[in-house]
Amino acid sequence: GSRSIPASCGGSGKARRARVRPTGRGRRQEPPARGVIIPRGVSVAAMPLELYLVQHGRARAESEDPARSLTEEGRQEVARVAAFLEAAGIALDRIEHSGKLRARQTAEILAARLGPREGPMEVPGIAPDDDPAPLVSRLAEQTGSLMLVGHLPHLSRLVSLLVVGSPGTPIVQFHMGGVVRLDREPEGRWAVRWALAPEIVR
């Protein structure tokens, strides 16, 4: 069955709960999951999507480790963030990462806590200097909840392109091991919902 997540991670009292439904698999548009009814004439791009963008955790310098694995501090920070998200009731359909070791290790730590339906899985197009435009097109075919673990400047450019239509206009600051949550609203507009930095999670 489907899982539920709080509609807000902040505030007092009991959080309202919203249903999270499965997404389609892969990069091609699939039929909507059972229980998701898309009215005639409404595109998938107009359906809600929860997007969690994660900059990989702190990694070793290339001179120390050419593969740039996570430092012990980086692992601990990501683990704290993952525990916080789990306690907040965050549920994911899928976690994707760039394939670079530091991103893959970050995604694995998050997946171990959050238990996505799919992933963590490597996908193309989210390396540090990749053009965010193809990913924006792919997101137009997605619904549900998706976490991307990647790099700067790509993540920053992606947020800017989604929210204001210009990848060169910074609108949010990322932190290593931190999370930025964006929502695609029913009318198709994107908005930054919240941002979480590791240093505030203890």
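**View 1. The surface and make-up of the whole protein.** Welcome to this predicted model: the protein exposes about 10200 Å², and carbon and sulfur atoms supply 49% of that area. Of its 202 residues, 45% are buried. The protein has 4 helices and 8 strands, which follow the pattern β-β-β-α-β-α-β-α-β-α-β-β along the sequence. Among contacts with a separation of 6 or more, 68% join residues 24 or more positions apart.

**View 2. An open sheet of 6 strands.** Here you can trace the order E5-E4-E6-E3-E7-E8, in which the pairing is mixed. Strand E5 (118-122) and strand E8 (190-196) form the edges, each pairing on one side only. On average, neighbouring strands of this sheet are turned by 20° against each other, direction ignored.

**View 3. Strands E7 and E8 side by side.** Let us zoom in on one pair from the sheet. Strand E7 covers residues 179-184 and pairs with E8 in the antiparallel sense, over 6 bridges. To find your bearings, look for Asp183, which stands opposite Ala191 in E8.

**View 4. Two helices lying across strands.** Helix H1 (residues 72-87) lies across strand E6 (144-150), E7 and E8. Its direction makes an angle of about 120° with E8. Helix H4 (residues 154-164) lies across strand E3 (49-55), E6, E7 and E8. Relative to E3, helix H4 runs at about 155°.

Technical notes. Residues are numbered from 1 along each chain as its sequence is written. This is a predicted model: local features need pLDDT of at least 70, side-chain atom pairs count only at pLDDT 80 or more; totals for chains, interfaces and linings use all residues. Side-chain values use heavy atoms; hydrogens and water are left out. Two strands pair if DSSP finds at least two bridges between them. Axes are lines fitted to C-alpha atoms, for helices over the stretch in contact, and angles run from 0 to 180 degrees between N-to-C directions. Contact means heavy atoms within 4.5 Å. Buried means under 20% relative accessible area, exposed over 50%, partly exposed in between (1.4 Å probe, protein chains only). Accessible areas come from the Shrake-Rupley method with a 1.4 Å probe; for residues, only the protein chains shown count as cover.
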